[in-house]
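Student: I am new to this structure, and I would like to go through it slowly with you. Could we look at it together and take one question at a time?

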Amino acid sequence: LILAMDACYGIHVYGMINDTYCKSEGFHKVPYHYYEPGRDECEEYFLHENAPYGGHRFITEKKVFAKWAKKNTIIFTHPNWTVS
């Protein structure tokens, strides 16, 4: 995304949920990996977000992307993000 912001006039991001999706009413549980059973996407995100070390901070990452979208032409679709 950093490279795209430097090289492109606008960026369209498809298929990335926002930072509040997992806490929203009516979110859909989907497997984190389509090819193996286990935790759903939100369970995996919370596990990593709260890991004492070595996790991928998915939710924090999405908050950063939302801040970047306020200053750059970044449009999130499917699902649509409301960047305020």
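Student: Is histidine 78 buried or exposed?

Tutor: This is a predicted model, in which local features need pLDDT of at least 70 and side-chain atom pairs count only at pLDDT 80 or more, while totals for chains, interfaces and linings use all residues. Residues are numbered from 1 along each chain as its sequence is written, and side-chain values use heavy atoms, with hydrogens and water left out. Buried means under 20% relative accessible area, exposed over 50%, and partly exposed in between, with a 1.4 Å probe and protein chains only. Because histidine 78 has 56% relative accessibility, this residue counts as exposed.

Student: Which residue does a cis peptide bond join to histidine 78?

Tutor: Histidine 78 lies in the segment after β2, where helices (H or I, at least four residues) and strands (E, at least two) are DSSP runs numbered from the N terminus. Histidine 78 has a positive phi of about 50° although it is not a glycine. The cis peptide bond, with omega about 5°, joins histidine 78 to proline 79.

Student: Which residue in β2 is the bridge partner of valine 13?

Tutor: Two strands pair if DSSP finds at least two bridges between them, and here β1 and β2 run parallel, joined by 4 bridges. In a regular strand the side chains alternate between the two faces of the sheet. In β1, Ile11 and Val13 make up the covered face, whereas His12 and Tyr14 make up the uncovered one. The bridge partner of valine 13 in β2 is phenylalanine 76.

Student: Against which elements do the buried residues of α3 pack?

Tutor: Helix α3, residues 58-71, has 14 residues and reaches 21 Å from its first C-alpha to its last, close to the 20 Å expected at 1.5 Å a residue, the expected span being 1.5 Å times one less than the number of residues. Its buried residues are Phe58, Ile59, Lys62, Phe65, Ala66 and Ala69; seen down the axis they fall within an arc of 110°, so they line one face of the helix, the arc being that of the directions from the helix axis to the C-beta atoms. On the other side of α3, Lys67, Lys70 and Lys71 are exposed. With contact meaning heavy atoms within 4.5 Å, the buried residues of α3 pack against α2 and β2.

Student: To which cysteine does a disulfide join cysteine 22?

Tutor: The structure holds 1 disulfide, a disulfide being a pair of cysteine sulfur atoms within 2.5 Å. Cysteine 22 is in the loop between β1 (11-14) and α2 (41-49), and its partner, 20 residues apart, is in helix α2, so that the pair links distant parts of the chain. Cysteine 22 counts as buried because its relative accessibility is 11%, and cysteine 42 counts as buried at 4%. With S to S at 2.0 Å, the disulfide joins cysteine 22 to cysteine 42.
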